[in-house]
Amino acid sequence: MITQNISGVVSESIISTVGNTPLVRLDRILADNYFNLYGKLEAANPAGSIKDRTSLFILQEALASGRIKKGDTVIESSSGNMALGLAQTCLYYGLKLIVVVDPKLNSHTEKILKTYGVQIEHVTEPKKEGGYLAARLERVQYLLDTIPNSFWSNQYGNPDNPKTHHKTMTEIVDSLQGKLDYLFVATSTCGTLMGCADFIYENKLDTKIIAVDAVGSVLFGGPPLKRLIPGHGAGVPSQFLNTSRIYDHVYVDDVDCARGCWSLLEKEAILCGGSSGGILSAVKKYSKNIEEGSNCAMFLCDRGERYLDTIYNPQWLLNELPESKNAFTPIGGW
């Protein structure tokens, strides 16, 4: 709900500012601008990522249906962004929050979660089948079994996750007056991917949706491999993924993610996280397939401040991704 005053629109609360994010033209990033590229600036959400939308919608639906009430405990497994979105929403609605994380959680995100008063549960050993994600989900189940009045928001299987993004798609399509030829979406739970894909299918749009998956992710049948940059790809199959509604998919590795992030910063002055860089690299890889004059959109999924110790730290790149040195040059050099 919003009201109007002489200065413009006034939001009723912090959660009413979730969504309706800007769609930004990215016309400096491509060497040959024969198609139009737009970025959906999800970093503009109040807790800093597209998962603000998912967190809010899932919890509002659960509150409305009586599945949770004030004082109950929400439990989730997260690599970072879902945890932050839940932290804000839970605090607003008077819910407790426990998040299960693994060693890939960055220190900046952990500090923010602690500031929100979130209880953090660490898993330190990956499962032989399913890696860290499987280990996190096992801990979630243990907590649900032992904590009274607990609720699993379950970004991996709750149908309200993909339903969230029917509104996201409405925003994009409306901004482009209905002409959206390609949409590039990072994979993870595949909630965003399939929410967008279902909207396209149900509304009979001509939009071709391109999934951007991580090298080392199993979602499209690839072998599980070590990945350093969190937030995209998965070590276990998605409960949402329906490949019949996906036009194509592109793989990106950790170096692609870092290169894309630095390119967004240098060319567009946009500081975004790892999956955004991965999507940009995927657009460049796929560009030869895109028809002249097409309207293409991609998600700028989260803020880059959470990656200052990793992607935006040249020393970390040299230590952990030494091949970066031959792939791109950070602002300021190596």
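This is a predicted model: local features need pLDDT of at least 70, side-chain atom pairs count only at pLDDT 80 or more; totals for chains, interfaces and linings use all residues.
Domain bounds here come from an automatic or database domain assignment. The protein is divided into domain 1 (14–44 + 162–324) and domain 2 (50–152). The C-alpha centres of domain 1 and domain 2 lie 23 Å apart. Contact between the two involves 28 residues of domain 1 and 22 residues of domain 2.

The second largest pocket draws on both domains. Domain 1 (14–44 + 162–324) and domain 2 (50–152) each contribute at least three residues to its lining. The space inside the second largest pocket is about 190 Å³. Val18, Gly19 and Asn20 are among the lining residues. Arg53, Leu56, Phe57 and Gln60 also line the second largest pocket, as do Lys163, Thr164, Lys167 and Thr168. Two helices take part: α1 (51–65) and α5 (160–175) each supply at least two lining residues. By class, the lining comprises three nonpolar, five polar and three charged residues.

Nonpolar packing was examined next. In soluble globular proteins, nonpolar side chains tend to be buried together. In this model, the largest nonpolar core has 64 residues. Leu37, Leu183 and Phe184 have the most contacts inside that core. Another core, of 20 residues, lies apart from the largest one. Leu59, Met82, Leu86 and Val99 are among the residues of this other core.

How values were computed. Residues are numbered from 1 along each chain as its sequence is written. Side-chain values use heavy atoms; hydrogens and water are left out. A nonpolar core is a set of buried Ala, Val, Leu, Ile, Met, Phe, Trp, Tyr and Cys residues joined through side-chain atoms within 4.5 Å. Buried means under 20% relative accessible area, exposed over 50%, partly exposed in between (1.4 Å probe, protein chains only). On a 1 Å grid over the protein atoms alone, a cavity is a set of points where a 1.4 Å probe fits but cannot get out, and a pocket is an open set with protein on both sides within 12 Å along at least five of seven lines; lining residues have an atom within 4 Å of a point. Grid points are joined across faces, edges and corners, and a volume is the space filled by probe spheres set on the points. Helices (H or I, at least four residues) and strands (E, at least two) are DSSP runs, numbered from the N terminus. Ala, Val, Leu, Ile, Met, Phe, Trp, Tyr, Cys and Pro count as nonpolar, Asp, Glu, Lys and Arg as charged, and the others, Gly among them, as polar. Contact means heavy atoms within 4.5 Å.
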